[in-house]
Amino acid sequence: MDPLLFAAEWWWIAPTAVAAGTAGAIGLRRRSSTMSGRRLEVDAARHDLRTAQRIASERRIALKIARADLARVTAERAAQRATAEQVAGARRMLKERERDAKAASADVRARQVRLNAARAAIPGSSEPGPVERLHATHDAVTVRWMRYETDPALQIAYPAMTDVKLPATAAYLRAAGHAAEMRRAVSGKTTPADFAAYRDAVAELERAFEAAEHAARVQAGEAPPNAAWQDAAQDMLSRSAEAIDRAAGAAASAIAAWTNRKKPGKPDDRP
């Protein structure tokens, strides 16, 4: 066959092969990045966002249904085919559905923020991956707990930390068991859903430990019994002070305007 004709007929093979090789290399890098778990936190955050969006959509539909039910019951009440209790019940249901919809909308916004944060914090090849970082956080809480189990001085000072009859301690032990179970689920090939479950379990473990430790310090007389109430009270006082300042400023402005007003019959000072 004439070499020139052969080249003219099969000229497209080389560029296609190069393009296929490039696409394959990109695909391999993406798969390698995914399989190595570097983007696992991003995938889990995206999974959470989609779940939150689905729930928000369902709750918006439920809110529309509740509004329609209230309108129907109100009309039937006007026609004396429904009772006042039924109208009140429909109104309560509407309020509940409104709260659910607002909470779901706030959750979607929070999940979006978490997704953005996860994208910005993808670890490099030399850094610990998301699973390893969760393991480190999990282990750090366990080490803090074991100090109360193994140190005699801490056992004497804070006996509540090892008293399983106390609610806060029992809650921590349940959270520890759940976190250990979720850790086993990510020991092999980890899916975004498994990672999200383990991440949430570790977060709950941290909260439970802090609550148990605070309860133990309260029992030892080293902490106030209800720090959350004090924080709420302080916030209320701050808000009250701000409201008073705003009211005082508004009153001063009103008094100044009243004092500087033009009285009837008073000659105008302007030229």
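## A walk through the helices

Met161 touches Trp145, Tyr148, Thr169, Phe209, Ala212, Glu213 and Ala216, leaving out residues up to four places away in sequence; contact here means heavy atoms within 4.5 Å. The model is a predicted one, where local features need pLDDT of at least 70 and side-chain atom pairs count only at pLDDT 80 or more, while totals for chains, interfaces and linings use all residues. Residues are numbered from 1 along each chain as its sequence is written, and side-chain values use heavy atoms, with hydrogens and water left out.

Buried means under 20% relative accessible area, exposed over 50%, and partly exposed in between, with a 1.4 Å probe and protein chains only. Helices are DSSP runs of H or I with at least four residues, numbered from the N terminus.

Let us turn to helix 5. Its 21 residues, 130-150, reach 30 Å from the first C-alpha to the last, close to the 30 Å expected at 1.5 Å a residue; the expected span is 1.5 Å times one less than the number of residues. Buried along helix 5 are Pro130, Val131, Leu134, His138, Val141, Trp145 and Tyr148. Seen down the axis, these buried residues fall within an arc of 100 degrees, so they line one face of the helix; the arc is that of the directions from the helix axis to the C-beta atoms. Exposed Val143 and Thr150 sit on the face of helix 5 turned away from its buried side. The buried residues pack against helix 3, helix 6 (152-157), helix 7 (167-185) and helix 8.

Helix 4 covers residues 84-120, and its 37 residues reach 55 Å between the first and last C-alpha, close to the 54 Å expected. Its buried residues are Val87, Ala90, Leu94, Ala101, Ala104, Val108, Leu115 and Ala118, and they pack against helix 3 (40-78).

Now for the charged side chains. The structure holds 18 salt bridges, each a side-chain nitrogen of Lys or Arg within 4 Å of a carboxyl oxygen of Asp or Glu. In one of them, Glu41 pairs with Arg133, the closest N and O atoms being 3.1 Å apart. This pair links distant parts of the chain, with Glu41 in helix 3 and Arg133 in helix 5, 92 residues apart. Glu41 counts as partly exposed at 27% relative accessibility, and Arg133 as partly exposed at 32%.

Glu210 likewise forms a salt bridge with Arg144, with 3.2 Å between the closest N and O atoms. Here helix 8, holding Glu210, is linked to helix 5, holding Arg144, across 66 residues. Salt bridges that share partners also join Asp48, Asp107, Arg111, Arg114, Arg199 and Asp200 into one network.

Arg199, a member of that network, is found in helix 8 (residues 192-219). Is Arg199 buried or exposed? Arg199 counts as buried because its relative accessibility is 10%. Neighbours within four places in sequence aside, Arg199 is in contact with Ala44, Ala45, Asp48, Arg111, Arg114 and Leu134.

How values were computed:
Helices (H or I, at least four residues) and strands (E, at least two) are DSSP runs, numbered from the N terminus.
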